[in-house]
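Subject: Structure handover, salt bridges

Hi,

Here is the structure I promised. Please have it open while you read the notes below.

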Amino acid sequence: MREVLAQAAFQLFLERGFERTTVDDIVAQAGVGRRSFFRYFPSKEDAVFPDHERCLAEMTEFLAAADDSDPVGAVSDAARIVLRMYAANPEFSVQRYRLTREVPGLRTYELSVVRRYEQTLAGHLRSRFGEDGDGALRAEVIAASVVAAHNNGLRLWLRSGGEGDPEVAVDHALALVREAWGRPAASTASTAPAVPEASTAPVVPFAVSGGGDGDGEVVVMVARKGTPMWRVVQQIEAAVGEN
């Protein structure tokens, strides 16, 4: 019945437009009563995304069974569950994508669905990294990265009309996430570009004379941010002495 209602709703959305289709129209098309509709869908927006609740439950179950050896790999693999859901019915997925782009209310709803996936991934990572220190932050950042990478590859496939293998682009994007975050925090920190120490930062002095007797002399210093004050003063003294 859930599938029948979703198909009836989507057919009407495509024919009449989302805004002009009512729940009464949907149940009439499906040949059921209003109570049947609301037993499966809280709103007509939910009928556009009938498979996300099942997919979210499958993702949660998958993560619960994952071991602790590769948390980033686990959430990346969990994201592929969503991809397989879309790939199972390319025609419907492409039509839904186009409809969602046309209806602002559906875009807002879709964002709330995406956020639930992201929270599920972040919750799994927090259980591995801990809530203290940077553990919670690291979990949120990695979860957001996985979702962004997955959605980037998925939307490339949807915009192409569902042509080709959607896993190619998604796997490439997720590989970048694993490359960036699959290492321990200490090793990722060590790869950051070196910042020059303040004590070695150069100071470049400029002297502009404003009067013949020196009373109007102005010295303008240009120094790299973080340069110690003693070095700035030293260079000013040197510039004034030279003048």
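Is glutamate 110 buried or exposed? Glutamate 110 is buried, at a relative accessible area of 13% (buried means under 20% relative accessible area, exposed over 50%, partly exposed in between, with a 1.4 Å probe and protein chains only).

Some ground rules. This is a predicted model, where local features need pLDDT of at least 70, side-chain atom pairs count only at pLDDT 80 or more, and totals for chains, interfaces and linings use all residues. Residues are numbered from 1 along each chain as its sequence is written, and side-chain values use heavy atoms, leaving out hydrogens and water.

Now the salt bridges (a side-chain nitrogen of Lys or Arg within 4 Å of a carboxyl oxygen of Asp or Glu). The whole structure holds 13 of them.

Glutamate 110 pairs with arginine 101, N to O at 3.2 Å. Arginine 101 is partly exposed, at 31% relative accessibility.

Arginine 96 bridges to aspartate 51 at 3.1 Å, N to O. Arginine 96 sits in helix H7 (residues 90–102) and aspartate 51 in the loop between helix H4 (44–48) and helix H5 (52–65), so the bridge ties together parts 45 residues apart in sequence. (Helices are DSSP runs of H or I, at least four residues, numbered from the N terminus.) Both arginine 96 and aspartate 51 are buried.

Aspartate 77 and arginine 80 form another bridge, with the closest N and O atoms 2.7 Å apart. They lie 3 residues apart in helix H6 (residues 71–87), about one helical turn. Aspartate 77 is partly exposed at 32% relative accessible area. Arginine 80 is buried at 17%. A salt-bridge network links Asp77, Arg80 and Asp171.

Best wishes

Notes
Helices (H or I, at least four residues) and strands (E, at least two) are DSSP runs, numbered from the N terminus.
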